[in-house]
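Please look over the sequence and the model shown here before reading on. The briefing that follows takes up a few of its features, topic by topic.

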Amino acid sequence: MLPFAVHNVSLVYAIVWAIDHYYGQSTSTALALVQFATSAGSRGYHNDLIDATLDRASGAGKIQFLLEDERMDMTENLDELPPPSGVAGRPRAIWFLDSLRAYIRLERYLLQPGSAYKRNGYFIIVYTGREAHPLETIKIMFRRLLNIYVLNVNVFLTRRGIVQMYTYYPYGPHRCQSSLPVYYGSFQGVPSTADFGLRRQLFPSKLTNMHGCELIAVTFEHRPYVRIDDDANAPNGRRLHGIEGMIFNSLAERMNFTINLVERQDKDRGQIMPNGSATGILQMILEGEANITFVCFMYSKERSDVMLPSISYTNFPIVLVIPGGGTMKPLERLMKPFRYIIWSCLIVSLLIGLSLVAVLQLLPVPAVRELVLGRSNRLPCLGLWYSLLGGLALHTPRRNFSRYLLVMWLLETLVLRAAYTGQLYLILQDAQVRTPLQSMAEVVAKGYAFYMLPALRGVFRDSLLSSNIRVVRSHEASLLRLRDEDDPGIAVPLLLPTVYEFDYLSGPTRRHLTVLPDALMTAPLTLYMRPHSYLKRRIDRLLMAMMSSGIIYRYRRMYLDRIERMAKRRSVEPQRLTIGQLSGIFFCLMVLQLLAGMVFVLERLALRHSRFRRALDVANRYVA
């Protein structure tokens, strides 16, 4: 027999109802039942309640149970325990307490290093204290639970045989951070019958409306993600804009909280030092000076172990900004309009044409030569070169097959000639045409130093030598060097919108940053909150709704469309060409003049020697 459990059968059925209607609904997470008793009698009472609950709830097979007590040894397997940020751990439990002293033990259990619980989960406290005024004890417990971010907690209390449930609402009209106990409801009906239960949902929503209460957000201006402008109507005279700024404004409007904006002047996101201390924004979050932070934070395990991240609401590619390379040489400009594959195809076409002409000239059958080259076409090679360079066809064929060959060749040369002259014009107009690197292997082979933010150090630690990595808090100086110097010997990995913003601010007449053709990876962006923050669940649900409805995509396009378009725009005003830019064509002209001089000398010699003249005539006939 279970005398105490039978005496409090309503309490047992209230616990079973909570398990069946909430904890056992579509979840594989085990439910922990933990007792914190201060006397042997209370321990036996709690054991009887747990035994009776398991007897009635475990038969349905809806959920697994995990039995624990306060004397668990938490010093073993610390590496397998959740990090202190609360990003992982058990989100649900039922705790059995008999006094305020028992609650103090529970609080130590939650706060000790390696605690297995997410304090922003959903918990029930079964209070079995015998004092005359238990609500005073519950009031103290709620105040301390609010201080450690345990928000979704209900207390089951038996009074005159009726199980009553109490909770607290931290935000309400004319009150913020309130922990006063509020009577939520009682379990009605006859135990062991279908109509027994709570007529309301077990855990009420407490963050749907924060009634204008204040949240402290720490950030700094980092366009296009966060832009901070003066606004006399804002609470502290500053208003958020930018992609993440608009997202946070939407969260504030939907949750109805007031933003207390704190700007970090040194723009230090913060990091964990070797001695365990923190710096920058990270230090402010851990010490409770701010509730939330956002400023282009890429999700990383190092940060998530100490701060609680939201879900990722957007992502951007990480590109590698590299030196632009030296200015092109004059002959390189002449070769630049076409890639090697196009030059190869053009040369192969010329060789095929010249070879075909040579073979047809040597054939003894004139009908075949007339069919392919046309009648009275004595200079086919000269016509081939002439049409390639933009001249007219000297001999129009009268046979369909030869006409088809001519039209095909003219179409090919027309397209290639127009494409070449158009690209050559742009290259000659732009005095800053460079020859940058094309792959990550080439960058590594150059031995460049990689200047990166602390969050990226773990990403590149295994792929780069540690001696080549330089951790910086800001990229501004590095980007200026990459823009203004030909080869500063550095490379900077950063998000693609940051490149667009820098080029946009540089203007159309300045050199733009050069990036590798392929992105290195995709970086998810997230908000960070205090460890175990109860804001996470509500913010995650709102972010999911904003992504599903396209609101976040709209914010992205609002700020990215303009800077992408302006960053890619270059000055198109005509510029005077210099002798250096045209020295390549002058070099080719000089070579051709030397060749013409040699031909002139040969022609003069042919006038004095008849045999040499006949040989030269044969060469002229077959070459032309």
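Predicted model: local features only at pLDDT ≥ 70, side-chain atom pairs only at ≥ 80, totals over all residues.

## Cysteines and the disulfide

With a relative accessibility of 44%, Cys176 counts as partly exposed, because that value lies between the 20% and 50% cut-offs.

- Cys213, at 1% relative accessibility, counts as buried, because its value is under 20%.
- Cys176 and Cys213 are joined in a disulfide, in which the two sulfur atoms lie 1.9 Å apart, and the count for the model comes to one disulfide.
- Cys176 belongs to strand E8 (residues 175-176) while Cys213 sits in the loop between strand E9 (182-186) and E10, so the pair ties together parts that are 37 residues apart in sequence.
- The torsion about the S-S bond of Cys176 and Cys213 is about -90°, and the disulfide is therefore left-handed.
- Two further cysteines can be described by their accessibility: Cys296 is buried, with a relative accessible area of 10%, whereas Cys345 is partly exposed, with a relative accessible area of 46%.

## An open sheet of five strands

- Five strands, in the order E13-E10-E14-E22-E15, make up an open sheet whose pairing is mixed.
- Strands E13 (258-263) and E15 (308-309) stand at the edges of this sheet and have a single partner strand each, so one side of each is left without a neighbour in the sheet.
- Strand E10 (residues 214-219) pairs with E13 in the parallel sense, and six bridges join the two.
- Within this pairing, Val218 has Val262 in E13 as its bridge partner.

## Strand E16 and its partners

- Strand E16 (residues 314-322) has seven buried residues out of nine, so it is largely enclosed by the rest of the structure.
- E16 runs antiparallel to strand E21 (residues 521-525), with five bridges joining them, and one example is Asn315, whose bridge partner in E21 is Pro524.
- E16 is also joined to E19 by four bridges, again in the antiparallel sense, and here the bridge partner of Leu320 is Pro493 in E19.
- A further antiparallel pairing links E16 to strand E20 (residues 514-515) through two bridges, where Val321 stands opposite Val515.

- Phe460 and Phe450 are 10 residues apart in sequence, and the distance between their C-alpha atoms is 9.5 Å.

## Cavities

- The model holds two cavities of 30 Å³ or more, and the largest cavity has a volume of about 70 Å³.
- The lining of the largest cavity is formed by Lys267, Asp268, Arg269, Gly270, Gln271, Arg303, Leu453, Pro454 and Arg473.
- What kinds of residue line the largest cavity? The lining divides into five charged, two polar and two nonpolar residues.

## An annotation from the record

- An unreviewed UniProt entry carries the annotation "transmembrane region" for residues 306-328, 340-363, 406-428 and 579-602.
- In the model, the chain over residues 340-363 is 96% helix and 0% strand, and the C-alpha atoms at the ends of this stretch are 34 Å apart.

Technical notes: Residues numbered from 1 in each chain as written. Heavy atoms only, no water. 1 Å grid on protein atoms, 1.4 Å probe; cavity = no way out; pocket = protein on both sides within 12 Å on 5 of 7 lines; lining within 4 Å. Points joined across faces, edges and corners; volume = space filled by probe spheres on them. Nonpolar A, V, L, I, M, F, W, Y, C, P; charged D, E, K, R; others polar. Pairing = 2+ DSSP bridges. Disulfide = S-S within 2.5 Å. Buried < 20%, exposed > 50% of the residue type's maximum accessible area, 1.4 Å probe, protein only. UniProt positions renumbered as here; feature names shortened; annotations may be inferred.
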